[in-house]
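I opened this structure for the first time today. My notes below follow the order in which I looked things up.

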Amino acid sequence: MPSDQIRHIRLSSVVLPLERPVSDAKVLTGRQKPMTEIVFLFAEIATAGDQHGIGFSYSKRAGGPAQYAHAKEVAAGLIGEDPSDIGKVYDKLLWAGASVGRSGVATQAIAAIDIALWDLKAKRAGLPLAKLLGAHRDSVRAYNTSGGFLHAPIEEVKERASKSLADGIGGIKIKVGQPDTRIDLERVRAVREHLGDDVPLMVDANQQWDRPTALRFGRVLEQFDLVWIEEPLDAYDAEGHAQLAAALDTPIATGEMLSSVTEHVRLIDARAADIIQPDAPRIGGITPFLRLAVLADHNGLQLAPHFAMEIHLHLAAAYPREPWVEHFEWLNPLFNERLETLDGRMLVPDRPGLGFTTSEQCAAWTVDSCEFGTR
Ligand SMILES: [Mg+2]
């Protein structure tokens with residue numbers, strides 16, 4: 001296929017309401033309010049050759065309007081570029097916004113565009129993104145998170161865990177990190193007893209323990225044979241995570257809050273985690289994610305990307321070591337397609353690109369949009 005040119009870009013801001021307010025430990029310690037919605041930045045790119053790509057970034061609680069505003073400022077420079085030259089285009093976007101940095105909101109705005117470019121590239125090749133990248137597998141171990149939040153009473157957590165397993169999801173994660181660790185302990189014990197010893201179980205403290213609490217409670221949790229303890233400490237406490245990872249048999253997972261490859265490198269260099277949890281939209285897109293994946297594999301780390309299974313399923317399928325992908329059904333209303341789970345694994349769709357088109361509901365939840373180039 002000959003080279004092509006970016007002809008048109010549409011950016012949109014979409015507010016997805018959650019069915020009910022969601023609380024993790026950050027709410028129970030009083031640091032955040034329950035989450036009621038997620039704000040998405042969608043980027044849709046069309047080329048002169050009439051190829052199309054779609055990508056998205058997102059923010060929780062705050063930052064959505066800022067991501068949209070930044071993308072709006074830098075996107076016009078893409079018109080006329082060859083969409084296959086993702087490295088060049090990515091650098092151009094970074095330089096356009098260099099004054100506000102290479103992490104956080106600025107690169108999260110670029111992420112939506114970058115993801116759209118990868119989607120487009122895979123579609124041009126007629127391949128699912130995982131295959132374009134070089135897949136190691138056509139399905140990825142999947143675990144459910146959405147059923148294990150702290151606003152849900154334990155009986156509901158157990159019910160929803162059973163439903164997840166019946167739906168073909170392989171593992172269950174529940175939230176911990178409450179001010180009273182005895183309540184956490186009761187919930188973990190109840191879920192472990194409910195699931196039996198064979199179901200992979202993870203816990204996530206969402207950064208709410210200090211170092212002594214994480215060590216003492218981490219030792220208590222060893223009896224439950226957890227797949228990992230997630231975010232036991234502040235996301236930026238590399239040294240604390242490293243001490244914990246060395247002291248406990250249970251693997252330590254972290255990284256979802258970080259917003260650049262550079263921040264992740266600090267964790268990797270400190271040997272802070274056994275399992276790294278990057279989030280492509282949060283660290284600037286698929287381009288930086290792939291760079292990080294090479295470093296993580298080189299350092300012998302396992303991978304369990306955070307959130308956005310619609311994107312991360314492909315990236316996990318292309319990671320050398322057997323990864324996990326996180327199941328959330330929250331984004332389903334935004335798209336016309338659904339991902340399948342079977343025998344504990346999520347199947348990589350055989351549709352080209354990411355394999356998603358946005359729904360009419362997504363259009364109805366659009367609060368702002370802008371366009372560049374010609375339709
Ligand atoms: Mg988490």
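These entries go from domains to single residues.

**Ground rules.** I am working with a predicted model, in which local features need pLDDT of at least 70, side-chain atom pairs count only at pLDDT 80 or more, and totals for chains, interfaces and linings use all residues. Residues are numbered from 1 along each chain as its sequence is written.

**Domains.** I looked up how the chain is divided. Domain 1 covers 6–126 + 360–370, and domain 2 covers 130–347. These bounds come from an automatic or database domain assignment. Taken over C-alpha atoms, the two centres are 23 Å apart.

Next I checked where the domains touch. I find 32 residues of domain 1 in contact with 27 residues of domain 2; contact means that C-beta atoms, placed from the backbone, lie within 7 Å. Several elements supply at least two residues each on the domain 1 side, among them strand 1 (6–22), helix 3 (86–96) and helix 4 (104–125). I note that helices (H or I, at least four residues) and strands (E, at least two) are DSSP runs, numbered from the N terminus. Helix 4 gives the largest share of that side, 11 residues.

**Helix 7.** I moved on to residues 181–195. Helix 7 has 15 residues and reaches 21 Å from its first C-alpha to its last, close to the 21 Å expected at 1.5 Å a residue. The expected span is 1.5 Å times one less than the number of residues.

Which residues of helix 7 are buried? I list Asp184, Arg187, Val188 and Val191. They cover an arc of only 95° around the axis, which puts them on the same side of helix 7. The arc is that of the directions from the helix axis to the C-beta atoms. For burial I count other C-beta atoms within 10 Å of a residue's own, all placed from the backbone: 20 or more is buried, 12 or fewer is exposed, and in between is partly exposed. The face turned away carries the exposed Arg182, Glu186 and Glu193. The cover over the buried residues includes helix 6 (154–166), strand 5 (171–175), strand 6 (201–204) and helix 8 (211–221). Just after helix 7, glycine 196 takes a positive phi of about 85°.

**Strand 5.** I then followed one of those covering elements. Five of the five residues of strand 5 are buried, so it is largely enclosed by the rest of the structure. Gly171, Lys173 and Lys175 lie on one side, and Ile172 and Ile174 on the other.

What are its partners? Strand 4 (residues 139–144) runs parallel to strand 5, joined by two bridges. There asparagine 144 stands opposite isoleucine 172. Strand 6 also runs parallel to strand 5, joined by four bridges. Here lysine 175 stands opposite aspartate 204. Strands pair if DSSP finds at least two bridges between them.

**Alanine 109.** I went back to helix 4, where alanine 109 lies. Alanine 109 is buried, with 31 other C-beta atoms within 10 Å. Arginine 282 is 173 residues away in sequence but 9.0 Å away in space, C-alpha to C-alpha. Beyond four places in sequence, alanine 109 is in contact with Leu41, Ser57, Gln67, His70 and Ala71.

**Two aspartates.** Last, I looked up phi. Most residues other than glycine have a negative phi. Aspartate 50 has a positive phi, near 65°. Aspartate 50 sits in the loop between strand 2 (35–47) and strand 3, and is exposed, with 8 other C-beta atoms within 10 Å. Aspartate 343 has a positive phi of about 50°. Its loop joins strand 12 (341–342) and strand 13 (345–347). Aspartate 343 is exposed, with 10 other C-beta atoms within 10 Å.

Terms used
Two residues are in contact if their C-beta atoms, placed from the backbone, lie within 7 Å.
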